[in-house]
Amino acid sequence: MIAKSKIFEVYEDSNRRNIYTVNLVPGKKVYEEFIAKQNNIEYREWDPHSSKLAAAIHNRCQNIFIRKNDVVLYLGSSTGTTCSHVSDIVGKEGFVFAVDPASRVMRDLIFNLEGRKNVAPLLESANHIEKLAERVSLVDVIYQDIAQKSQLDIFLKNINVFLKKQGYAILCVKARSIDVTKKPKQIFNDIKFALEKTLTIVDQRTLEPFQKDHMLFIVKKK
Amino acid sequence: MPAKFIFTNILGVFVFNENYKLVDGLLFKDLDQFDEKEKHEKQIEEKHGSLEKPSGDDLYKILEFFKDKKYLSELRKKNIALTRVSVKDSVNNDLLIIQTIDAVEELNRTINLLTKRLREWYSLYNPEVSNKVKDHEKFVSSIVQKKKDKLLEELNIDKNDSLGAELKEKDVAAILLLASQINNHYKLRSHYEKYLQELEKETCPNLASILGVTISARLLDHSGSLKRLAEMPASTLQILGAEKALFRHLKNKRNPPPKYGMIHEHPLILNAPRKNHGRIARALADKASIAVRVDYFKGEFMGDKLRKDLEKKIKNLR
């Protein structure tokens, strides 16, 4: 039995072990995920091992603040694993800008998300704000998952320009790509401190045991 | 109300007034027009007089204007078209070099694996050849070309003294089939190596002349592109490929830092006395770093000069 969970547009089965989203393009898989059918609605399993947002939900994140009809700026889309689920959540009326600077993964992304009418792929570095401004609109939610040393600066820059007021933003921090010599705890504390200067932190989740040394922050723009 | 702001995106050029209402605009029909956006901006600016580019709160309001169903679907169409073009344009010689060197390395691995099997297999029939001929390539080509009797004759071994068993014709044929397949692999590899040389002559002649074809291709493979390699400091280039040792050192300073990475396979280092390896690696990386920057900005060929400097420097080492 697949039923609604506490989070909007995310479903879970009766023993609460797996989470699902409704497949926007029935019959099409994006990665090697499991597909369940119930009452003629097709659900795609959301694998916490390959998606950090799903890992956060498994770690009892109460709300991911991505709702139906939202416009999302997705920085670091890679081949579109998490991106496809975000696209499922926002639905036909919503929209996702999928940004990635690498042409190799963008090639896969274009093929993977071909049928989805609500995703626009952008081959662009998230660091180039002026260039991004020419290609996106204002957004309701920003999701960022890039393994860069400067990921916090990029996040703040993008929030400043593209996020609407009172909008939410999600940041996946990979401690190992910021500094391998420091302790992850120290890095997360520094980031928390830097985020609190201009934003309100709503939620903070570790992604153990699915991802090592990762932390997911959810913030709100003042 | 007079027009105040001018804003360009992939949809077109838009003119807004103080209240962020659309006053005038020009929609781009295709991406070529977007490439010439400065020309179109000028045209519109002439019409309206002085216009300013929005920033801060003004940019916020204007971006909000595009957050609309109508514009979003247009943005999607244009973004897909632009992304498709830029994915297509992103293919360059760097990527070809990377794929070729990867193919060569994979062929190497396959050849080694298969040749080991062939030696075992062929030794049932004729162990003396495998024992005497140590070089893989020579071994494979000789058993493909010559029969058992002739091979033994060349090695001055009597036919009746051979330890090998007498196999049926079809059993021998099965072994030789594998041998001819490996032989083809060797041919393929030498073809790719020649091709790699040609590619590097076009893309990075200076780097190839200092480090050699294989090492420079491996460095390119490791860094991802010529641009990234050119942006690296020489000290990073020196230890490229020794990340494990580097991070071991960074985490615990008791471990010594690495002196060289992939660059160590260079003959100048390999043929030097052991105590000089680190010094030569540093000098080599310095020159390679200069060379790759010259290559990236399409400068003249100066590999010979750099190499001469390098050899002079190494001679002065004790």
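Colleague: Which residue in the turn of the hairpin formed by S4(A) and S5(A) has a positive phi?

Modeller: In this predicted model, strand S4 (residues 35-38) of chain A and S5(A) pair in the antiparallel sense over four bridges, and Ile35(A) stands opposite Arg44(A) in S5(A). The two strands form a hairpin with two residues between them, and the turn residue with a positive phi, of about 50 degrees, is Asn39(A).

Colleague: On the side of strand S3 of chain A, which residue of S5(A) stands opposite Ile19(A)?

Modeller: Strand S3 (residues 19-22) of chain A is joined to S5(A) by four bridges, and the two run antiparallel. In S5(A), the residue standing opposite Ile19(A) is Trp46(A).

Colleague: How many of the six residues of strand S5 of chain A are buried?

Modeller: Strand S5 covers residues 41-46 of chain A and is largely enclosed by the rest of the structure. A residue counts as buried when its relative accessible area is under 20%, and the number of residues in this strand that are buried is five of the six.

Colleague: Is Asp140(A), which meets Lys67(B) in a salt bridge, buried or exposed?

Modeller: The side chains of Lys67(B) and Asp140(A) meet at 2.6 Å, N to O. This pair crosses between chains, from the loop between helix H3 (57-65) and helix H4 (69-89) of chain B to strand S9 of chain A. Lys67(B) is partly exposed, with a relative accessible area of 28%, whereas Asp140(A), at 7%, is buried.

Colleague: About how many helical turns separate Lys305(B) and Asp309(B)?

Modeller: The side chains of Lys305(B) and Asp309(B) meet in a salt bridge of 3.9 Å, N to O. Lys305(B) counts as exposed at 51% relative accessibility, while Asp309(B), at 29%, is partly exposed. Because the two are four residues apart in helix H17 (residues 303-315) of chain B, their separation is about one helical turn.

Colleague: How far apart in space are Ser209(B) and Gly303(B), C-alpha to C-alpha?

Modeller: Ser209(B) lies in helix H10 (residues 205-211) of chain B and is partly exposed, with a relative accessible area of 21%. Ser209(B) and Gly303(B) are 94 residues apart in sequence, and their C-alpha to C-alpha distance in space is 5.6 Å.

Colleague: Which residues form the positive surface patch that includes Lys275(B)?

Modeller: Lys275(B) lies in the loop between helix H15 (267-270) and helix H16 (277-296) of chain B, and at 60% relative accessibility it counts as exposed. The positive surface patch is formed by Lys275(B), Arg279(B), Arg282(B) and Lys313(B).

Conventions: Residues are numbered from 1 along each chain as its sequence is written. Chains are lettered from A and ligands numbered from 1 in the order in which they are written. This is a predicted model: local features need pLDDT of at least 70, side-chain atom pairs count only at pLDDT 80 or more; totals for chains, interfaces and linings use all residues. Side-chain values use heavy atoms; hydrogens and water are left out. Patches are made of residues with over 30% relative accessible area and no salt bridge: like charges are joined within 9 Å, nonpolar side chains (Val, Leu, Ile, Met, Phe, Trp, Tyr) within 5 Å. Accessible areas come from the Shrake-Rupley method with a 1.4 Å probe; for residues, only the protein chains shown count as cover. A salt bridge is a side-chain nitrogen of Lys or Arg within 4 Å of a carboxyl oxygen of Asp or Glu. Lys and Arg count as positive and Asp and Glu as negative; His and the chain ends are not counted. The place of a charge is taken as NZ of Lys, CZ of Arg, CG of Asp or CD of Glu. Buried means under 20% relative accessible area, exposed over 50%, partly exposed in between (1.4 Å probe, protein chains only). Two strands pair if DSSP finds at least two bridges between them.
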